[in-house]
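Let us walk through a protein model together. Keep the chain in view as you read, and find each residue when it is named.

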Amino acid sequence: IKVMTGYHPWTMERSPTLHAFVPILADGAKWMGYFPKQRVFFSLGGFGDPVSEKEGFASYDYQVATRIGWLPIASVEEKTLWHVAVMGRIGKPDEGRITLRSRPEDSQAPFFVETPSITSNSAGTAGFETYYRKGPWLFGGEFDWENVDTPTGRDLGFWGADCVGTWILTGETRGYNARAGIFEPVSPDRPVFEGGPGAWEAVLHFSYIDLDSRSINGGKLFRMTPMVNWYLSDNARFEFAY
């Protein structure tokens, strides 16, 4: 979900885990590839902060990230897809210190979970993701583990996950970009601006993050979000969330 454009996913915002563990990557280079016959995609990137050093999101001096995935099932005729991928990331926190924190899937809210500043010269993330799509139905989720090296030699471990189930009531199938290994937004078969009902999608999303490890108490957060998305067209969408 972190790779997708911010307004394309089915939820209002990305999960707290992705916000806390996977930073924005700015200055660097990325190599992406896709093998159609094997249905395997990959990406590898190296990033620094020579230009973005003063930006608030530049929380690492440098880092390397990779992601590789496979589509065990990819049938266009049956509108069936099974997506599996793993990722890894390692880097040096900015100025040798790192703080993990996140909002509750609400960019206007304060930070609900937050660790104190931790002395560390190395931190990284390992992640697993899987999604299954069958016509208008989609189920799946992601699990991430954050490891932080400390001068004491006792590593800190934090983790989080999210899972989701969606159903497009009007029968559309959410698109998928195999080259990038990401889902695309819902495109209504009959847009509202052409006299149709648009596309209606029911969503139930669960997310959890645990920022407690050893003597670090960053807090835990669980959230369940039922919502309905109304796609008026390819470019307009209303979200009704509780």
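Start with R237, which is partly exposed, with a relative accessible area of 21%. Buried means under 20% relative accessible area, exposed means over 50%, and partly exposed lies in between (1.4 Å probe, protein chains only). This model is predicted: local features need pLDDT of at least 70, side-chain atom pairs count only at pLDDT 80 or more, and totals for chains, interfaces and linings use all residues. Residues are numbered from 1 along each chain as its sequence is written, and side-chain values use heavy atoms, with hydrogens and water left out.

R237 has a partner. It forms a salt bridge with E239, and the closest N and O atoms are 2.7 Å apart. A salt bridge is a side-chain nitrogen of Lys or Arg within 4 Å of a carboxyl oxygen of Asp or Glu. E239 is partly exposed, at 33% relative accessibility.

How many salt bridges does the structure hold? It holds 7. Now look at E146 and R89. Their closest N and O atoms are 3.5 Å apart. This pair links distant parts of the chain: E146 sits in strand β10 and R89 in strand β4, 57 residues apart. Strands (E, at least two residues) are DSSP runs, numbered from the N terminus. Are these two buried or exposed? E146 counts as buried, at 0% relative accessibility. R89 is buried too, at 6%.

Another bridge joins R174 to E201, with the closest N and O atoms 3.2 Å apart. R174 lies in the loop between β11 (156-168) and β12 (176-177), while E201 lies in strand β14 (residues 199-213). They are 27 residues apart. R174 is buried, at 3% relative accessibility. E201 is buried as well, at 0%.

Next, the surface. A nonpolar patch of about 1,000 Å² includes W82, W137, F139, W200 and F240. Strands β10 (137-149) and β16 (237-241) each give two or more residues to this patch. A patch is made of residues with over 30% relative accessible area and no salt bridge; like charges are joined within 9 Å, and nonpolar side chains (Val, Leu, Ile, Met, Phe, Trp, Tyr) within 5 Å. The areas come from the Shrake-Rupley method with a 1.4 Å probe, and for residues only the protein chains shown count as cover. F139 belongs to strand β10. F139 is partly exposed, at 42%.

On a 1 Å grid over the protein atoms alone, a cavity is a set of points where a 1.4 Å probe fits but cannot get out; a pocket is an open set with protein on both sides within 12 Å along at least five of seven lines; lining residues have an atom within 4 Å of a point. Grid points are joined across faces, edges and corners, and a volume is the space filled by probe spheres set on the points.

The second largest pocket has a volume of about 230 Å³. It is lined by 13 residues, and A74, V76, L81, R133 and Y176 lie nearest its centre. Strand β3 gives the most to this lining, with 3 residues.

A search of the whole structure finds 3 cavities of 30 Å³ or more. The largest cavity has a volume of about 90 Å³. Of its 15 lining residues, I24, G48, A58, Y60 and Q63 are the closest to its centre. Here too β3 gives the most, with 4 residues.
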